[in-house]
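User: I would like to go through the labels attached to a model and ask, for each one, what value stands behind it.

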Amino acid sequence: EVIGILKTMGDEMTKDLADATKAEETAIGIYEELMAAKTKEVETLQAQIEDKMARSGDLAVKIAEMANDIEDTREALVADKKFLQELDEGCA
């Protein structure tokens, strides 16, 4: 009778171990799939960040160029107004 109980317990433990092993393998597979998806997502987001940083840098350069152009245009306007005033005075 004791041997039968031990055999039953051994069979149950073997079955439980097989079930636990299968559950663990399934969990590992799900984890690996999730990590692959998240890694791909991180790579995509990193590429987007780099693209946006490059565009931001380009826009900063364009803004600086435009600020210089505005200053040059203002200086030219002042010079043109002065020239126009001299012409008005000289032709009057």
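This is a predicted model: local features need pLDDT of at least 70, side-chain atom pairs count only at pLDDT 80 or more; totals for chains, interfaces and linings use all residues.

User: What makes the protein more spread out than a compact globule?

Analyst: The protein has one helix and zero strands. Its radius of gyration is 39 Å, whereas the globule rule gives 12 Å for 92 residues, and because the value is well over that figure, the protein is described as more spread out than a compact globule. The box filled by the C-alpha atoms, taken along the principal axes, is roughly 130 × 15 × 10 Å.

User: What share of the 92 residues is buried?

Analyst: Buried residues make up 0% of the 92 residues, where buried stands for under 20% relative accessible area. The accessible surface comes to about 8500 Å², and 63% of this belongs to carbon and sulfur atoms.

User: How do you know that D19 and K15 form a salt bridge?

Analyst: The closest N and O atoms of D19 and K15 are 3.2 Å apart, and the cut-off asks for a side-chain nitrogen of Lys or Arg within 4 Å of a carboxyl oxygen of Asp or Glu, so the pair is counted as a salt bridge. The two residues are four residues apart in helix α1, which means that about one helical turn separates them.

User: Why is K15 called exposed, while D19 is called partly exposed?

Analyst: K15 has a relative accessible area of 53%, and exposed requires over 50%, so K15 is exposed. D19 has 42% relative accessibility, which falls between the limits of 20% and 50%, and therefore D19 is partly exposed.

User: Which other pairs qualify as salt bridges?

Analyst: The search of the whole structure finds three salt bridges. K38 and E41 form one of them, with their closest N and O atoms 3.3 Å apart, and these residues are three residues apart in helix α1, about one helical turn. D51 and R55 meet at 3.9 Å, N to O, which is still within 4 Å, so this pair qualifies as well; both lie in helix α1, four residues apart.

Methods:
Residues are numbered from 1 along each chain as its sequence is written. Side-chain values use heavy atoms; hydrogens and water are left out. The radius of gyration is taken over C-alpha atoms; the globule rule is 2.2 Å times the number of residues to the power 0.38. Buried means under 20% relative accessible area, exposed over 50%, partly exposed in between (1.4 Å probe, protein chains only). Accessible areas come from the Shrake-Rupley method with a 1.4 Å probe; for residues, only the protein chains shown count as cover.
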